[in-house]
Amino acid sequence: MTDPDSSSKRRSQADRRDETRRRAIKAAIDCLAEEGYAATTMVHVAELAEISRGGLLHHFPGKPELIEAVAREAIRSLTAKRKASLGTETSGVDRFVSLTDAVWANMREPESIAILEILIGSRNDPEISNLPRIVAKLDRFQASKAKKLARHAGITSDKLIDTMSRLHQAAMRGLILESIVTGNDQDIEEAFELLQWYKTKIVERMIDESNL
C-alpha cells in the first residue's frame, strides 16, 4: 500500500525542483534583458534567483545549458503572447496591418530582448551552436501567421509576403537594438510610427498588384 505522506513528499519535492528551475530561467531572462549577455554568469543568475550555486548547477551544469533553456522558454512565451495579441482582431486588411503592432509589442518584452542578447553574445560560441535553430521557430510562426493573414486581406503573392516579413522583422530588431544602445525610446517610437505608415502604404500596393 502506498504511503500518502510519501507521495505527498515526492510531489512537494518535484514542485520545489520545478519552482527552482523556473526562478533560475526567469532570473536569467531578466539579467540578459537588463544587463546583457556578458553579465549573465551562473553566479550572478544564482544570486538574482536567490538560490545556491549548487542548486543552479543541479538543473544546469553550465551556462550553455542554461542559455538553451532560456531560449526555449522565451520562444514558448513569446509565441503564446503573439497568438493572444492577435486573437481579438477581425480578419482582413486591419488584422494584417495590426500584426506589425503585435510583433513590435512582442519584441519589447524581456524575453525578446534576452533572445537578441543571446544571439549576439553567443554567435562565436560553439557550445551554443543550435541557438539559431531554436530561435527560427518563432520566425517560422511569424511567417506562417503573416501569410495566413495576408491571404485573408487579399494579398496572394507569397514572395511579397515573405520579403515584407523579413524586412519588418529586421527593422524592428534593429530598432530594439538601437533602443538598448541609446535608451532614447521617444526616437525609437517615432521611427516605428514611420514603419507603421510604410506598411499601410505597401499593403495597399500589394493588394492592388494581387488584383491585377
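At what angle do helix α5 and α8 pack, and how far apart are their axes? In this predicted model, local features need pLDDT of at least 70 and side-chain atom pairs count only at pLDDT 80 or more, while totals for chains, interfaces and linings use all residues. Residues are numbered from 1 along each chain as its sequence is written, and side-chain values use heavy atoms, with hydrogens and water left out.

Helix α5 (residues 93-107) packs with α8 at an angle of about 35°, the axes lying 10 Å apart, where axes are lines fitted to C-alpha atoms over the stretch in contact and angles run from 0 to 180 degrees between N-to-C directions. The contact (heavy atoms within 4.5 Å) involves these residues:

| Helix | Residues in the contact |
|---|---|
| α5 | Phe96, Thr100, Val103, Trp104, Met107 |
| α8 | Met164, His168, Gln169, Met172, Arg173, Leu175, Ile176 |

The residues of this contact divide into 8 nonpolar, 3 polar and 1 charged.

Phe192 belongs to helix α9 (residues 185-210), and the two partners are 88 residues apart. A search of the whole structure finds 1 aromatic pair.

Gln169 of α8, named in the contact with α5, is also among the residues that line the largest pocket, together with Asp139, Arg140, Gln142, Ala143, Asp162, Ser165 and Arg166. The elements giving two or more residues to this lining are α7 (131-152) and α8 (158-182). The lining divides into 1 nonpolar, 3 polar and 4 charged residues.

Terms used: On a 1 Å grid over the protein atoms alone, a cavity is a set of points where a 1.4 Å probe fits but cannot get out, and a pocket is an open set with protein on both sides within 12 Å along at least five of seven lines; lining residues have an atom within 4 Å of a point. Helices (H or I, at least four residues) and strands (E, at least two) are DSSP runs, numbered from the N terminus. Ala, Val, Leu, Ile, Met, Phe, Trp, Tyr, Cys and Pro count as nonpolar, Asp, Glu, Lys and Arg as charged, and the others, Gly among them, as polar. Rings of Phe, Tyr and Trp (its six-membered ring) pair if their centres lie within 6.5 Å; planes under 30 degrees apart count as stacked, over 60 as edge-to-face and the rest as tilted.
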